[in-house]
Amino acid sequence: MISQELKHVVGAADCKKMGFWTLIEGLLLFANALAILNEDRFLAPRGWTLAEIQGGRRNTLKGQIIGLIHACHFLRLPLILFNIIIIVVKLFSG
């Protein structure tokens, strides 16, 4: 009964479409969002710079997030290439 109501609310087609490709696209969008954050204008006023974690606080959650943001900044060229590949695949596959 509950599963029938859930299928009616969500839609059976929507449940089947979500898969590995959707996960990859979501991760790509998240990486793009992290890559465009400006360190001087957005991160520094909030104390989220790489200098904040140099004192041995790399294993904290804040240190891990700052490291992830800087990794996305460092890997911008591969991220651009991956975006181009995804766009071309989506153009040809629909």
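Does Glu 25 count as buried, partly exposed or exposed, and at what relative accessibility? At 21% relative accessibility Glu 25 counts as partly exposed, where buried means under 20% relative accessible area, exposed over 50% and partly exposed in between (1.4 Å probe, protein chains only).

The model is predicted, so local features need pLDDT of at least 70 and side-chain atom pairs count only at pLDDT 80 or more, while totals for chains, interfaces and linings use all residues. Residues are numbered from 1 along each chain as its sequence is written, and side-chain values use heavy atoms, with hydrogens and water left out.

**The salt bridge**

The structure holds one salt bridge, a term for a side-chain nitrogen of Lys or Arg within 4 Å of a carboxyl oxygen of Asp or Glu. Its partners are Glu 25 and Lys 90, at 3.2 Å from N to O. The pair links distant parts of the chain, with Glu 25 in helix 3 and Lys 90 in helix 6, 65 residues apart. Lys 90 is partly exposed, its relative accessible area being 34%.

**Helices 5 and 6**

Helices are DSSP runs (H or I, at least four residues), numbered from the N terminus. The expected span of a helix is 1.5 Å times one less than its number of residues, and in both helices of the table the distance between the end C-alpha atoms agrees with it.

In helix 6, the residues Leu 79, Asn 83 and Ile 86 are buried. They lie on the same side of helix 6 because they cover an arc of only 65° around the axis, the arc being that of the directions from the helix axis to the C-beta atoms. Leu 77, Leu 91 and Phe 92 are exposed on the other side of helix 6. The buried residues of helix 6 pack against helix 3, with contact meaning heavy atoms within 4.5 Å. Those of helix 5, among them Ile 69 and Cys 72, pack against helix 3, helix 4 and helix 6.

**The nonpolar core**

The largest nonpolar core has nine residues, including Leu 34, Leu 43, Ile 69 and Ile 86; such a core is a set of buried Ala, Val, Leu, Ile, Met, Phe, Trp, Tyr and Cys residues joined through side-chain atoms within 4.5 Å. Helix 3 gives the most to this core, with four residues. Leaving aside residues up to four places away in sequence, Ile 69 touches Leu 34, Leu 37 and Leu 43.

Conventions. Helix = DSSP H or I, 4+ residues; strand = E, 2+ residues; numbered from the N terminus.
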